[in-house]
Amino acid sequence: MNSGDRVRVERGDSVYEGVLMPSTTAEQVVVKLDGGYNVGIDREGSDVTVLESDVYEVGGAGGEEATSEVEFDEDLPTIALISTGGTIASTVDYRTGAVTAQFTAEDVLRAVPDLAGRANYRGRVVANILSENMTPDVWRDLAEAVYEEIEAGADGVVVMHGTDTMQYTASALAFVLDTPVPIVFTGSQRSADRPSSDNVMNAVCAVEAAKADCAEVLVCMHATESDDRCALHRGTRVRKNHTSRRDAFETVGNRPLGHVDYETEAVTFDREYAPRGGVELAIAPDLETEVELLKFTPGMDEALLDCCAGKAGLVIEGTGLGHVNTDLVPKLESMIDDGTVVVMTSQCLAGRVCDRVYDTGRDLLDAGVVEGEDMLPGTAKVKLMWALANAEAVEETMRTPIAGELTGRSAPWT
């Protein structure tokens, strides 16, 4: 019985059939099931039958067979692959059956061999964290790494990132960096050991987008549940709207900026964008971290505002056109008088804040609350962090489009 044999494992009332994989211990066998998943089974009490020998070639991870070399082709563009964690560059470790993260350019090409021949690659690790553990400090480290890669001649950058907070990090880089080349975020909703994994298509389409003409911060993820095309979302206008679907990301209030066809590799854009080479590379990495995002709900405890007292900034997700309970207005006015910049956004998924329609809105404006226009709440928080650290007129900056986060007016789209 050898790795690569097709086997049937019977243990008690359970029967497993698939390809035998290497295992790190003699106490367990690892079988890749026909559905694509791996399962570890205790040898003790198991009856293993070899159905067919050498039906699958299996190489060990980290061994001589797993090595690869990235060759330079002067006719190809250079793409920097930067990892912060997540599952996009993960691969199955057949010694254990587990999914492990891979980070070097060689590792990424081994995990996603379809990337080979599309570009020259440089691999770099900024962090190895779960998306929910992302922090402004990592945003700064990432921005500086991207800056260095572009300064060193990268024709585009692909950032591999966990999906849950990708929209925040993409917004941060959109404000922190002026970029003459594309910066494309991508991730994977489903890990590499699942037959429905989206890591290959997302990575391939992200590289194609990084070679294209749109020099903005983009998010590249599945446009549909099928493996047909990826959508290119502007980093400041994107939102993850589903926990597990492969097409979880959507551009709020409009179509995606563009698409990448997986089969033809064609990159198309449907709206105006910043062209490649249109600006000089620049970085403004300072961020004010004393900024909070608070969602108003009916019956909300006023003490939550007390927790934000003394902060440099506060973004509120208000109802509808941008409202909170009338009883909270005096407390907000007091915070503003003490130096906290308060920005109002809306819980609605589309449309813009307008506090001139109802009495509550007018009271908020009189108290000094800044209208967040049609900015997404998360984007507004990131922008306020950047504006407080870099802008002299913070309130005016919050109302001025910087990286496509604001639109001139809200209108229906079809």
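**Figure 1. Glu-373 lies in the loop that runs between strand 23 (370-371) and helix 8 (377-390).** The model shown here and in the other views is predicted. Although Glu-373 is not a glycine, its phi is positive, at about 55 degrees. Is Glu-373 buried or exposed? Its relative accessible area is 19%, and the cut-off for a buried residue is under 20%; Glu-373 is therefore counted as buried.

**Figure 2. Glu-265 occupies the loop between strand 17 (258-261) and strand 18 (267-269).** Glu-265 is not a glycine, yet it has a positive phi of about 70 degrees. The relative accessibility of Glu-265 is 36%. Buried residues fall under 20% and exposed residues over 50%, so Glu-265, at 36%, counts as partly exposed.

**Figure 3. Strand 3 and strand 4 run antiparallel to each other.** Strand 3 comprises residues 28-33. How many bridges join strand 3 to strand 4? There are five bridges between these two strands. Within this part of the sheet, Val-30 stands opposite Gly-40, a residue of strand 4.

**Figure 4. The largest cavity holds about 70 Å³ of space.** Rolling a probe the size of a water molecule over the atoms shows where empty space is left. A search of the whole structure finds one cavity of 30 Å³ or more. Which residues lie nearest the centre of the largest cavity? They are Ser-346, Cys-348, Gly-351, Asp-374 and Met-375, which belong to a lining of 14 residues. Sorted by class, the lining consists of eight nonpolar, four charged and two polar residues.

**Figure 5. The protein chain as a whole contains nine helices and 23 strands.** This legend sets the close-up views in context. Of the 414 residues in the protein chain, 49% are buried. Contacts were also examined between residues at least 6 apart in sequence. Among these contacts, 67% join residues that are at least 24 apart.

Terms used. Residues are numbered from 1 along each chain as its sequence is written. This is a predicted model: local features need pLDDT of at least 70, side-chain atom pairs count only at pLDDT 80 or more; totals for chains, interfaces and linings use all residues. Side-chain values use heavy atoms; hydrogens and water are left out. On a 1 Å grid over the protein atoms alone, a cavity is a set of points where a 1.4 Å probe fits but cannot get out, and a pocket is an open set with protein on both sides within 12 Å along at least five of seven lines; lining residues have an atom within 4 Å of a point. Grid points are joined across faces, edges and corners, and a volume is the space filled by probe spheres set on the points. Ala, Val, Leu, Ile, Met, Phe, Trp, Tyr, Cys and Pro count as nonpolar, Asp, Glu, Lys and Arg as charged, and the others, Gly among them, as polar. Two strands pair if DSSP finds at least two bridges between them. Helices (H or I, at least four residues) and strands (E, at least two) are DSSP runs, numbered from the N terminus. Buried means under 20% relative accessible area, exposed over 50%, partly exposed in between (1.4 Å probe, protein chains only). Contact means heavy atoms within 4.5 Å.
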